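Please examine the chain below together with its fold. The paragraphs that follow move from the overall architecture to one helix pair, then to the core and a neighbouring loop.

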Amino acid sequence: KISSNMEDREPPEDDEHKADERKNTGDEPTEVDDSVLMNIYVQVLSNILAQMVEQGPTDLDANNLTVFDAHSIPGITIGNYLVRLAGYSRISSRNVVMALSFLDRIANNTERPIPISGHNIHRLL
């Protein structure tokens with residue numbers, strides 16, 4: 001049976017009411033600044049890529065050169081290079097995660113893998 005007295009009924013809870021309750025109770029989730037989050041992603045990616053470079057070949061193999069291989073290893077570290085890329089372009093945290101995914105695919109390609117090394121990591125990025 002439907003109650004005819006609407007004043008006795010409580011309104012259904014929606015996101016707006018829940019947000020108001022959090023404001024009152026102090027249970028509001030904290031927001032992270034995008035630049036802070038981006039710095040974390042860049043640092044994590046640079047650490048992972050540094051490990052990939054350490055595990056890769058140290059010398060150029062003339063039989064397996066690609067267009068990405070430089071004759072000498074650039075003087076800028078991977079971490080500083082990523083910070084520079086992030087500072088001068090509009091990359092997002094999603095782009096950083098996708099870059100790692102693509103580099104993993106390139107390195108583990110079954111037809112023609114490109115081993116990640118200090119000679120090609122900057123160009124691959």
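The chain contains 5 helices and 0 strands, where helices (H or I, at least four residues) and strands (E, at least two) are DSSP runs numbered from the N terminus. Read from the N terminus on, the order of elements is α-α-α-α-α. This is a predicted model, in which local features need pLDDT of at least 70 and side-chain atom pairs count only at pLDDT 80 or more, whereas totals for chains, interfaces and linings use all residues. Residues are numbered from 1 along each chain as its sequence is written, and side-chain values use heavy atoms, with hydrogens and water left out.

Of the 125 residues of the chain, 19% count as buried; buried means under 20% relative accessible area, exposed over 50%, and partly exposed in between, with a 1.4 Å probe and protein chains only. Among contacts (heavy atoms within 4.5 Å) with a separation of 6 or more, 78% join residues 24 or more positions apart.

The axes of α2 (residues 34–55) and α4 (residues 93–107) come within 9 Å and cross at roughly 15 degrees. Because of this angle, α2 is roughly parallel to α4, a term that applies to angles under 35 degrees; axes are lines fitted to C-alpha atoms, for helices over the stretch in contact, and angles run from 0 to 180 degrees between N-to-C directions. From α2, the residues Met38, Tyr41, Leu45, Ile48, Leu49 and Met52 meet Ser93, Val96, Val97, Leu100, Leu103 and Ala107 of α4. The residues of this contact comprise 11 nonpolar, 1 polar and no charged; nonpolar covers Ala, Val, Leu, Ile, Met, Phe, Trp, Tyr, Cys and Pro, charged covers Asp, Glu, Lys and Arg, and the others, Gly among them, are polar.

The largest nonpolar core has 13 residues, and those with the most contacts inside it are Leu49, Ile78, Leu82, Leu103, Ile116 and Ile121. Such a core is a set of buried Ala, Val, Leu, Ile, Met, Phe, Trp, Tyr and Cys residues joined through side-chain atoms within 4.5 Å. Two or more residues come from each of α2, α3 (78–88), α4 and α5, and α2 gives the most, with 6 residues. Beyond its neighbours within four places in sequence, Ile116 is in contact with Met52, Val53, Gly56, Pro57, Leu103, Ala107, Ile121 and Leu124.

Ser117 lies in the loop between α4 and α5 (121–124). Ser117 counts as buried because its relative accessibility is 3%. Leaving aside neighbours within four places in sequence, Ser117 is in contact with Val53, Pro57 and Asp69.

Notes: Parallel < 35°, antiparallel > 145°, perpendicular 65-115°, else oblique.
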